[in-house]
Amino acid sequence: MKILTQLSEMHNFTPNEKSIAAYILMHKESILHLNIQELAKATYTSHSAVNRLTHKLGLSGFKEFIIKLAREFQQYTQNISSVDPNYPFSDEESPLQVAKEIAELMKETIDKTFAYMDDDLLSQTAMMLDQAKRIFIYALGDSQIRAKSFQNKMIKINKYVVIATELYEWAYHTVNLTEADCAIFLTYHGKSPIYVRAAQHFRREQIPFITITATSQSELAKLSTLCIQVPNDEVKHAKIGTFSSQIAFEYVLNVIYSCIYKISYSINRESAVQSLKSSYVNEMMNDL
C-alpha cells in the first residue's frame, strides 16, 4: 500500500502518529525539506514518535520514508490528468480528435493505476489465487465483462474461475465457498449491500478474498484480506461512459493474471504449447 494512502487512512495510529500524518498530508510541498528533528518540532511530537510511525508504515526509518514519499509525489505530479475521465471529448471535436483523447485517457489511467501498485501486495494476491482450489468473482454490469476476460485467460493455465454474480446466483455461491477457495470483488465504489453481506460471511468463515476498488475506505475494502486500489476519477452518474474504471480494472486483472502465470512460468508455457499441438483442440477451434 502507498505511503500517502496509509497516512490518509491512519489505521491503528496513536494520537501522536495521527498528528504527524495530518501534518505531512497538509504540507506536502515542504515536508521533503524537513529533517526528523524539524518534523518532530513542527508536530509537537518527538524524534522517537516519527520513527515509530515510519516503522508502522513498514519502513526502516525516516530516510527511507522521505525517499519513498518523494517518489510518490513525483508519480502523483506526472499523473495529473489532462483529460476529463467523465467527459474526455466534446461535441465539437473531429473523430480523429476523439480517438486522440481516448488514447490519452487510456494511457493516463494505466499510469495512475500503476502508481497505486505495490510489489508485496501483487505477490500476495498472485500467491493467494494460485493456491486457491476455486476462484469466484463478484462483478456486475461492465465490470462483469472484465471478469469474463480474466476468466478466459485463467482457463489457458488450467485455472477455472466462476463468475459468482452471473444469473444472480451469488448467494448460493457465497455459502458454498470454503477456506480453500478465494473470492474477488470487482467494484468501483464498493457500496453494494450484497457484496458487504458476502464479505461479512467470508470474514466470519475465514475465507480469503480480494477487493479491487477505487474506494479503499469502504466497509467492503476494510473487510478484505487484500485490497487493490485503482484511481477514483469517475463520477457515479455524470459521465459519457465507464472508460477510466474499466481500463483500470482490465489493467489490474491483466497484471494479476501475469503474476500468477509467472509463478509457474515454464509449466504454464509448456502447457500452452501442448494444448495448441493437440489435434482435438485444433479440430474444435476449426469448427468455430
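**Strand pairing and salt bridges in a predicted model**

Ile-137 stands opposite Ile-184, a residue of E3. The structure described here is a predicted model. The strands that hold this residue pair, E1 and E3, are paired in the parallel sense over 4 bridges. On the E4 side, Ile-184 has Ile-210 opposite it. Strand E3 (residues 182-186) is also paired with strand E4 (residues 209-213), again in the parallel sense and over 4 bridges. Within this pairing, Ala-183 has Phe-209 of E4 as its bridge partner.

These strands belong to an open sheet of 5 strands, which are arranged in the order E2-E1-E3-E4-E5 with parallel pairing. The edges of the sheet are formed by E2 and strand E5 (226-229); each has a single partner strand, so one side of each has no neighbour in the sheet. From one strand to the next, the twist averages 20 degrees.

In general, the strands of a sheet are paired through backbone hydrogen bonds, in either a parallel or an antiparallel manner. Side chains in a regular strand alternate between the two faces of the sheet. In E3, Cys-182, Ile-184 and Leu-186 point one way, while Ala-183 and Phe-185 point the other way. All of these side chains belong to buried residues. Because 5 of the 5 residues of E3 are buried, this strand is largely enclosed by the rest of the structure.

Helices accompany the sheet. H9 lies across strand E1 (135-138), E2 and E3, and runs at about 160 degrees to E2. As noted, E1 and E3 pair in the parallel sense. From E3 the chain crosses through helix H11 (residues 193-205) to E4, in a β-α-β crossover that is right-handed.

Salt bridges were counted next, and the total comes to 9. One of them joins the side chains of Lys-56 and Glu-17, with an N to O distance of 2.8 Å. This pair links distant parts of the chain, since Lys-56 is in helix H5 (residues 47-56) and Glu-17 in helix H2 (residues 15-26), 39 residues apart. Lys-56 counts as partly exposed because its relative accessibility is 36%, whereas Glu-17, at 4%, counts as buried.

Another salt bridge is formed between the side chains of Lys-68 and Glu-64 (3.6 Å, N to O). These two residues are 4 residues apart in helix H6 (residues 62-78), and therefore about one helical turn separates them. Lys-68 has a relative accessible area of 34% and is partly exposed; Glu-64 is likewise partly exposed, with 25%.

Asp-130 forms a salt bridge with Lys-159, and the closest N and O atoms are 3.2 Å apart. Asp-130 lies in helix H8, and Lys-159 in the loop between helix H9 (142-155) and strand E2 (161-163), so the pair ties together parts that are 29 residues apart in sequence. Both Asp-130 and Lys-159 are buried.

Asp-118 is placed in the loop between helix H7 (95-116) and helix H8 (119-131). A polar atom of the Asp-118 side chain lies 3.1 Å from the backbone nitrogen of Asp-120. Between Asp-118 and Ala-180 there are 62 residues of separation in sequence, and their C-alpha atoms are 25 Å apart in space.

Methods: Residues numbered from 1 in each chain as written. Predicted model: local features only at pLDDT ≥ 70, side-chain atom pairs only at ≥ 80, totals over all residues. Heavy atoms only, no water. Polar contact = N/O pair within 3.5 Å; in protein donor to acceptor, adjacent residues only side chain to side chain. Salt bridge = Lys/Arg side-chain N within 4 Å of Asp/Glu carboxyl O. Buried < 20%, exposed > 50% of the residue type's maximum accessible area, 1.4 Å probe, protein only. Pairing = 2+ DSSP bridges. Axes fitted to C-alpha atoms, helices over the stretch in contact; angles between N-to-C directions. Contact = heavy atoms within 4.5 Å. Right-handed = clockwise from strand over helix to strand, strands pointing away.
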